[in-house]
Amino acid sequence: MKHWIGICVLILTILAISFVVAANINVLLPSTNVRTLAEIYLKYTYYPWDKYFTAMSPEACTSIVWDFRGLDTVFETMVFYLAIIGAIALARGVPLKPPKEIKGEPGLSLIVKTVTKIAPVLIIAVAGSIALHGHLTPGGGFQGGATAAVAPVLILVVFSQFYLLKRGVNKNSMLLLRSIGLTGIGITAFAAVLIGLATGHYAFVLQNQPKPLAPNISLPAFVGGQLISGSLWFFNFFEFLAVAAGFTIVFLLITLPEKLAETKEEKRAAEGGEK
Amino acid sequence: MTLLDIVLIVIGEIMIGIGALADLIAAIGINRFPNFYLRLHAATIGTIWGAFLPLIGAAFVAAGCECLGEYRWFMAGGALITAFIILILGPAGSHALARGTHRSGIVPVEPKVVDHLEEDESMPTSQEKQEIGEEGGESQ
């Protein structure tokens, strides 16, 4: 009996919410008037007729994140990598190596393994397209990198961690990849300044298209007829590398078997206790 | 709009309708079934009949809808690829869940007629396994 009361209350609630939404649809819909700031952003994200203010990218989010407020994003990236550095520092001295002998066949059954041989390829392809089209369609370096990091997680769970470690996806190689990504972000941020120093013109850090005070320096918006939006493509690409590698390190450390994580002193202490 | 387009759209809409019905049945099953394995069965109805089939239907509708122009082939192709991915990933996931639960033994297998997996696991020697032809789900 109580059953039916619950179901009736649920249905009535749904109907009431639908009625309220339908009756006040004019109030609840977002207004067509856009505020001035949004208007400026929407106008100037891709506006080749005014080179001084545009970011030359049809994707408003990416142009805001990496051009209009680029310095903010550099600090955000820094916070994220400090967190990952913290995780690596916590696990320092922990040997991330596969044991010499593995008993039996690690991982899940043959069916799951076969499917997992197909899925990571698709995941990395989608992640690459999210990251490399980040200046054209919704997405970007961080989203693409987070998507790419799902592939190693899948392999970790299905094939065991040792499968990845044996194939060179370990802490050091991922740290190298992450460092390449971060260095790339730094070089892209200073690219305009370096070009300016070489040619003797004024330029800004994180500059993409020419600015009123630095009219001579700009990064190319088109390469071979393809829109790459100056620095945005490079930022997205390097952020993709860095985020994918950073997340992979964290996942490797999280899934480390506890027995392998023992340092030499702890092993000695455990053996001494047994004797 | 040719006759073929109309047929495609009607078939697609029927498939989407079947999918909605299957999702409802799956939801009722997840609520009402008494234990884990039966609920997992209901959940897989939701992934195959409730997600794979409507996506094929959506591909048909997109292919038959002339108003979309050239882009209908993009939509149909996207729907077909998504359907294929669900078709291979869904069963693998439910298989992994069921196998893990069975091996850990935290849920009694009931109602049970026959349990080949349990019989395989209780047989220790590989010789006996070869005699029954390794028909169970043991990893090889």
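How many residues of domain 1 of chain B are in contact with domain 2 of chain B? Five residues of domain 1 touch five residues of domain 2, where contact means that two C-beta atoms, placed from the backbone, lie within 7 Å. Please keep in mind that this is a predicted model, in which local features need pLDDT of at least 70, side-chain atom pairs count only at pLDDT 80 or more, and totals for chains, interfaces and linings use all residues. Residues are numbered from 1 along each chain as its sequence is written, while chains are lettered from A and ligands numbered from 1 in the order in which they are written.

**Chain B**

- Domain 1 of chain B covers 3-109 and domain 2 covers 110-140; such bounds come from an automatic or database domain assignment.
- On the domain 1 side of their contact there are two nonpolar, two polar and one charged residues. Here Ala, Val, Leu, Ile, Met, Phe, Trp, Tyr, Cys and Pro count as nonpolar, Asp, Glu, Lys and Arg as charged, and the others, Gly among them, as polar.
- Chain B has five helices and zero strands; helices (H or I, at least four residues) and strands (E, at least two) are DSSP runs, numbered from the N terminus.
- Of its 140 residues, 16% count as buried. A residue is buried if 20 or more other C-beta atoms lie within 10 Å of its own, exposed if 12 or fewer, and partly exposed in between, with C-beta atoms placed from the backbone.

**Where the chains meet**

- Chain A and chain B each bring 10 residues to their contact.
- The chain A side of this contact consists of eight nonpolar, one polar and one charged residues.

**Nonpolar cores**

- A nonpolar core is a set of buried Ala, Val, Leu, Ile, Met, Phe, Trp, Tyr and Cys residues joined through C-beta atoms within 7 Å.
- The largest core has 42 residues, and Phe237(A), Phe238(A), Leu241(A) and Ala244(A) touch the most other members.
- With 16 residues, α11(A) gives the most to this core.
- A separate core of 13 residues includes Leu8(B), Met15(B), Ala59(B) and Val61(B).
- Leaving aside residues up to four places away in sequence, Phe238(A) touches Gly181(A), Gly184(A), Ile185(A) and Thr188(A).

- α4(A) and α11(A) pack at an angle of about 90°, their axes 10 Å apart. Axes are lines fitted to C-alpha atoms, for helices over the stretch in contact, and angles run from 0 to 180 degrees between N-to-C directions.
- α4(A) and α11(A) are therefore roughly perpendicular (angles under 35 degrees count as roughly parallel, over 145 as roughly antiparallel, 65 to 115 as roughly perpendicular and the rest as oblique).
- Thr62(A), Ser63(A), Trp66(A) and Asp67(A) of α4(A) meet Ser231(A), Leu232(A) and Phe235(A) of α11(A).
- Thr62(A), Ser63(A), Val65(A), Trp66(A) and Asp67(A) are buried in α4(A), and their cover includes α5 (70-90) and α11 of chain A.

- Most residues other than glycine have a negative phi, and most peptide bonds are trans.
- Glu110(B) and Pro111(B) are joined by a cis peptide bond, with omega about -5°; Pro111(B) sits in the loop between α3 (71-104) and α4 (116-122) of chain B.
- Leu206(A) has a positive phi, near 65°, and is partly exposed, with 19 other C-beta atoms within 10 Å.
- Ser229(A) also has a positive phi, near 60°, but counts as buried because 30 C-beta neighbours lie inside 10 Å.
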